[in-house]
Amino acid sequence: MIGEFFKGLFLMIWKAATDQPDPKADFLQVLPHAIRPVAAVVLSITPIMIVFPTLFAITTWLERKGLGRIQNRFGPNRVGPCGLFQPVADGLKMLTKEDIVPRSADKVVHFLAPVALLIPTLLAYAVLPCGRNMVPINIDAGILFFFAVGASTELSIFMAGWSSRNKYSLLGAMRAIAQMISYEIPLIISTVTVVMIAGSLSLVEIVSRQEGYIFDLVPRWYVFTPWGLAGFVIFLIASLAESNRSPFDIPEAESEIIAGHLTEYSGFKYALFFLAEYLGMFAMSGLAVTLFLGGWHAPLPFLEWVPSYVWFLAKLVALVCLFIWIRGTVPRLRVDQLLNFAWKFMLPMALINLVVAAVWHFTAPWSFAGAILWRWLLCAVIIAVPYVWLGRALSGDKKLTQRTYRYAD
Amino acid sequence: MQISFAIIAALTLVSAIAAMSFRNLVHCALSLAITFAGLAALYLQLGAPFVGWAQILVYIGAVAILIVFAILLTRSSESTPQPVISRSWIAGIAVAVLVFGVLTKAILSSSIGQRELPAKPEPTVHEIGTQLMTRYVLPLEAVGLLLTAAAIGAVIIAMQEPGGKKSKVPNIQTGQSRTNPHNEEEKLKTILS
């Protein structure tokens, strides 16, 4: 019995690691009938709960190291080789810290806020296809599910900000909500283009539509189409804002409002917020990979032998590195700049991108010589002319010149 | 099936009652959000995932946030010193009983009870999309037009006209927008103090 159990377990792990379909089935046969449904759910959830928090720990180290190098310093270098065990030290510090709740805080809401933030963030992973046969549930309305659970995080941030009974907390929460609601619209509209072309809301279906290569060389990812490229850029900017990352980190701008809605949180609750923020960023990057970067498909035909989940995670980590790079490079926006940018630039560009996707779709039957070049040119003009015009109109008659420093330099 | 229904129904009812009876308006709004979630769970249980997820996206993601914003920007969230029992209760209960009676009478006397249950449809998201874009495209366009009109109306109400002349398009780089960005924060500070 015990031997069969472990044999089944190892077989399952082996099957999952080598990309075989339905790795759970054999192992479930070993278990008693009554606990099979529960066991199937637990087996789906466990990898998510292990892989993504581990990735969170690695990312905090990577981010501090990367930012350190960008700012010409070392970053953490005391705990372990190259400071690699810094996340462990951080975690222990967070766990052993005193949990302080302000006297006038709303105790129940203050306690519930981090929990209510973490649960929807984890739920979003339920529909992300991390590998060839690796999706916990393949529902018909996968994208809708993803955004529905994502929308409920806004209320949790409000709960955190309001219940702390602190000016800075409430200001941070209001800023966060205004920002997240504004950028949710371009985010969703840029994913609508993918839904239009793929003809499905299921993420598994969308990934399977991006299979194959053009001329055995260029993968059929959506980012290699004009609407996909524009949509990917819009999605990336909006997802930066949605996950409160720099340069859109004004909800927790430490030079203005201390830490926004996190001001009155300490110890493990603060760690939960931090975890939820990073898990949200991974989920967003995972969605970007799934929608535009071909999901778990390999970038070149001769690399197909590498397991699919490796490609998914590699693309995810590449996007996270891009986010870290942007954080180290771009200064923070002001509130009014942020909202103007969302409503007057991002939203029109996302709407125009819908038209581009439609044009790309309806010119697909063109078959004369060089048709693909003409299609690209047509789509590029449709997206580039409004881009230049809108950018010029919004920057007004302000002349941008190089800043001269009187005392520095 | 039955147990899950009982749990969801109890959660929805309790949170709805809580939303009516809490003294603190923000607590009421948060309980209302739980009620919305309970309704979404009921839709999901009835096999209508699209409606269920849309319910969460629209009601928790937008309506609850809107209510919370309205509370914060208009009045203090402190509880008011009114007594729980008020004299308008008698009239309120009378009206409620009357409405309930009329509705019960109307439902019982209609032919719904005698009708045969139709075969359970399989409303996939794909099917809903196809129907919306073909058979029901005109109502969809009408709703879209209505929403656009509402949005334009909101912009017109919110628009300030300095000295009756139109201001320029605000500037992304310099931030010369019509409204002072600190206005909202100023208002918040007065609410909090």
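Helices, counted as H or I runs of at least four residues, and strands, counted as E runs of at least two, are DSSP runs numbered from the N terminus. On that basis chain A of this predicted model has 14 helices and two strands, whereas chain B has seven helices and zero strands.

**Chain A: domains and overall form**

- The domain assignment divides chain A into domain 1 (2-31), domain 2 (45-96) and domain 3 (99-358), and the centres of domain 1 and domain 2 of chain A, taken over C-alpha atoms, are separated by 32 Å.
- Chain A has a radius of gyration of 23 Å, which agrees with the value near 22 Å that a compact globule of 409 residues would have.
- Taken along the principal axes, the box filled by the C-alpha atoms of chain A is roughly 80 × 70 × 40 Å.
- Among the 409 residues of chain A, 40% count as buried, and of the contacts in chain A with a separation of 6 or more, 74% come from residues 24 or more positions apart.

**Chain B: domains and overall form**

- For chain B the domain assignment gives domain 1 (1-79) and domain 2 (123-157), with 24 Å between the C-alpha centres of these two domains of chain B.
- The elements of chain B, followed from the N terminus on, run α-α-α-α-α-α-α.
- Of the 193 residues of chain B, 12% count as buried, and residues 24 or more positions apart supply 49% of the contacts in chain B with a separation of 6 or more.

**Backbone angles in two loops of chain A**

- Most residues other than glycine have a negative phi.
- A:C82, although not a glycine, has a positive phi of about 55 degrees, and this residue lies in the loop that runs between α3 (36-70) and α4 (86-96) of chain A.
- A:C82 counts as partly exposed because 13 C-beta neighbours lie inside 10 Å, a count between the limits of 12 or fewer for exposed and 20 or more for buried.
- A:R165, likewise a residue other than glycine, has a positive phi near 50 degrees, and A:R165 is found in the loop between α6 (142-163) and α7 (167-198) of chain A.
- With 16 C-beta neighbours inside 10 Å, A:R165 also counts as partly exposed.

Key. Residues numbered from 1 in each chain as written. Chains lettered and ligands numbered in written order. Predicted model: local features only at pLDDT ≥ 70, side-chain atom pairs only at ≥ 80, totals over all residues. Domains from an automatic or database assignment. Rg over C-alpha atoms; globule rule 2.2 N^0.38 Å. Contact = placed C-beta atoms within 7 Å.
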